[in-house]
Amino acid sequence: MGRTLQNTMINLGLQNACDEAVYQLGLDMEELEEIEEDAGLGNGGLGRLAACFLDSMATLGLAAYGYGIRYEYGIFNQKIRDGWQVEEADDWLRHGNPWEKARPEYMLPVHFYGRVEHSAAGAKWIDTQVVLALPYDTPVPGYMNNTVNTMRLWSARAPNDFNLRDFNVGDYIQAVLDRNLAENISRVLYPNDNFFEGKELRLKQEYFVVAATLQDIIRRFKASKFGSTDSIRTVFDSFPDQVAIQLNDTHPAMAIPELMRIFVDIEKLPWDKAWDITKRTFAYTNHTVLPEALERWPVDLVEKLLPRHLQIIYEINQRHLDHIASLFPNDVDRLRRMSLIEEGDTKRINMAHLCIVGSHAVNGVAKIHSEIVKTQVFEDFAALEPEKFQNKTNGITPRRWLLLCNPGLADIIAEKIGEDYVRDLSQLTKLHRFVDDDLFIREVAKVKQENKVKFALYLEKEYKVKINPSSMFDVHVKRIHEYKRQLMNCLHIITMYNRIRRDPAKLFVPRTVIIGGKAAPGYHMAKMIIKLINAVAQVVNNDPMVGSKLKVIFLENYRVSLAEKVIPATDLSEQISTAGTEASGTGNMKFMLNGALTIGTMDGANVEMAEEAGEENLFIFGMRVEDVTELDRKGYNAQLYYDRLPELKQAVDQIKSGFFSPKDPNLFNDVVNMLFHHDRFKVFADYEAYVKCQEKVSELYLNSKAWTKMVIRNIAAAGKFSSDRTIKEYARDIWHVEPSDLKIPPPNEPRDAGQDKTPNGTAA
């Protein structure tokens with residue numbers, strides 16, 4: 001979520017009033033804003049997407065709740081020591097959190113372990129361990145519409161009789177100390193991005209948020225006029241018309257068997273009715289195609305922790321496979337491919353398959369990704385129910401990612417086209433009229449230069465490196481992962497360095513290369529990549545032959561509040577994943593909206609950015625998905641590229657020989673070995689095209705006016721990438737609710753008695 005103060009002031013239309021009031025108290029608002037800690041309760045794009053979605057849902061007047069876990073420790077703070085990443089605990093609640101309100105009156109029990117007892121009355125889950133879920137509510141204000149939604153985060157609490165009720169031999173002190181075991185559930189965020197780690201505590205977290213949330217939703221449904229009770233039993237027929245639940249990846253997939261358990265075991269609905277309601281309630285968003293990221297929980301772990309849920313999953317699977325067998329008799333291989341249970345040395349539950357079978361809609365997050373989901377990853381399921389599969393291209397909130405972080409740019413846009421674009425970003429197309437307006441071109445360039453000077457001062461303060469603000473700010477910020485190919489950027493830096501040293505007199509367009517992002521603590525290769533970047537920076541930044549022509553900075557502890565500083569100051573945005581690996585990306589959109597040009601592959605939302613702005617207004621290079629597929633078919637041989645490209649050979653040899661690590665010449669052996677022998681993401685295959693494309697970037701940067709005109713064309717084409725547009729599509733195509741642009745009257749004005757508070761019956 002990042003910081004809340006400035007976002008709240010902007011959405012409430014109070015920023016100027018607050019700035020002035022604080023100034024009159026002799027304080028500086030910006031200084032005050034810097035004191036607030038980021039709420040870093042997610043890993044990367046997935047978590048930030050949810051935050052943008054909450055902002056858009058409130059702005060569109062949807063009655064929507066964001067549910068999650070109130071981690072005591074969020075994503076770790078990253079320190080760089082001697083070029084290595086070191087993790088520190090993110091004690092973000094140390095000074096309290098003024099935005100949250102604990103709601104103990106809505107505390108709910110969550111059960112674990114135990115056993116299942118079957119009888120004529122049905123199944124009973126008994127002898128469980130209970131953990132309490134305590135909700136904390138954070139307000140989510142819409143933009144200037146007097147709507148305030150709720151983000152409800154659950155915290156784990158031990159019940160007061162924890163370890164004291166059963167056969168306890170009177171070790172009271174130990175029993176109280178053991179309360180920590182229950183409360184550890186919401187202690188810390190697992191720091192993996194795009195990687196599945198099948199740990200018991202993680203599964204507990206996933207079920208914890210799901211069980212508490214579903215009880216909360218059902219309580220709210222029963223309290224509404226829709227949950228009519230026929231002779232004490234609630235009628236759930238209207239449930240899917242009143243409730244829509246969107247599964248943000250497979251992490252909350254246990255919601256499907258949990259809702260079935262509630263309907264069948266507790267509410268005593270017949271299976272077929274319960275399953276119909278469940279399917280119509282859930283929709284699933286897939287966020288990655290990387291096989292190592294797909295959740296596959298061992299059956300024996302689920303059996304121990306959630307025995308009833310395993311039985312329900314088996315029953316869902318049996319009925320699912322019976323259906324497939326009736327359509328495709330004797331096709332055992334299809335049954336194996338489509339089963340929710342994967343056989344092997346350890347039996348596992350494929351959570352993506354569970355989500356597809358248990359949802360009425362499945363979507364990818366960019367056109368190209370949704371195609372891959374349909375034709376490759378889940379092709380058997382798409383063949384069966386093609387109408388179930390959709391695309392919903394991701395977006396970003398223009399409130400945080402333009403108004404808040406780049407007020408200078410937001411102002412000059414408003415001067416030209418008015419202020420309405422903030423709620424309807426498609427209006428940015430009106431800027432096309434000003435592409436040749438010399439005054440506007442100068443204003444856009446001036447705002448960018450001011451942002452760069454401000455960020456350069458920040459860098460000099462934080463990193464003690466002198467930055468040339470007229471150099472091209474070439475920025476690559478995102479989680480560190482092999483598929484995102486920070487290594488390819490690194491090879492380009494080394495290539496630029498070698499070119500400067502080879503011919504110091506030759507004209508060179510000065511660059512400040514900024515790379516930032518966190519590596520999962522257990523991801524060895526990602527941590528080596530960080531060390532390599534820092535080792536290269538050490539050499540480049542201290543070579544007198546290079547001077548101010550090339551500087552390399554690794555941005556420590558990249559997070560939302562730092563993104564808000566670096567993105568408005570960026571000239572060139574690096575979006576260079578191997579085609580077919582980045583589901584969408586959202587950083588790419590933030591840079592586009594903030595007047596950076598993109599160098600990128602035809603991957604994720606880059607494809608649609610090129611479609612909107614015209615491919616000639618992005619720097620597109622490298623293999624397309626088809627080329628990658630063809631190269632896989634032929635077999636990727638890294639050695640070929642190394643032998644054919646002298647500059648690549650030189651760069652790799654320098655890494656290999658210890659040029660960047662003289663004290664330990666073998667330091668980067670693992671990296672070099674990976675690049676030659678098991679590089680799944682084919683860095684060498686795109687190196688040549690990347691370097692050539694970077695030459696075109698430098699050439700254009702020399703012509704400041706032509707560069708800025710291309711920037712304006714990009715900003716004018718960025719309207720599609722508002723999360724408001726994304727959420728309108730979810731609302732109409734999946735949730736079946738109508739967004740409203742009604743401004744609710746403020747609390748100090750009387751409401752019409754007849755006016756319904758929520759124009760849309762459904763809560764998402």
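Helices (H or I, at least four residues) and strands (E, at least two) are DSSP runs, numbered from the N terminus. Lys590 is found in helix H23 (residues 587–593). UniProt, in an unreviewed entry, lists Lys590 for "modified residue: N6-(pyridoxal phosphate)lysine"; such annotations may be inferred rather than shown by experiment.

This is a predicted model, in which local features need pLDDT of at least 70 and side-chain atom pairs count only at pLDDT 80 or more, while totals for chains, interfaces and linings use all residues. Residues are numbered from 1 along each chain as its sequence is written, and side-chain values use heavy atoms, with hydrogens and water left out.

Relative accessible area classes residues as buried (under 20%), exposed (over 50%) or partly exposed (in between), with a 1.4 Å probe and protein chains only.

| Residue | Relative accessible area | Class |
|---|---|---|
| Lys590 | 7% | buried |
| Pro109 | 32% | partly exposed |
| Val176 | 35% | partly exposed |
| Glu419 | 62% | exposed |

Glu419 lies in the loop between helix H18 (407–417) and helix H19 (438–463). Together with Asp411, Glu415 and Asp420, Glu419 belongs to a surface patch of negative charge. Patches comprise residues with over 30% relative accessible area and no salt bridge, joining like charges within 9 Å and nonpolar side chains (Val, Leu, Ile, Met, Phe, Trp, Tyr) within 5 Å. A salt bridge is a side-chain nitrogen of Lys or Arg within 4 Å of a carboxyl oxygen of Asp or Glu.

Pro109 is located in strand E5 (residues 108–112). Pro109 and Gln215 are separated by 106 residues in sequence and by 9.0 Å in space, C-alpha to C-alpha.

Terms used: Accessible areas come from the Shrake-Rupley method with a 1.4 Å probe; for residues, only the protein chains shown count as cover. Lys and Arg count as positive and Asp and Glu as negative; His and the chain ends are not counted. The place of a charge is taken as NZ of Lys, CZ of Arg, CG of Asp or CD of Glu.
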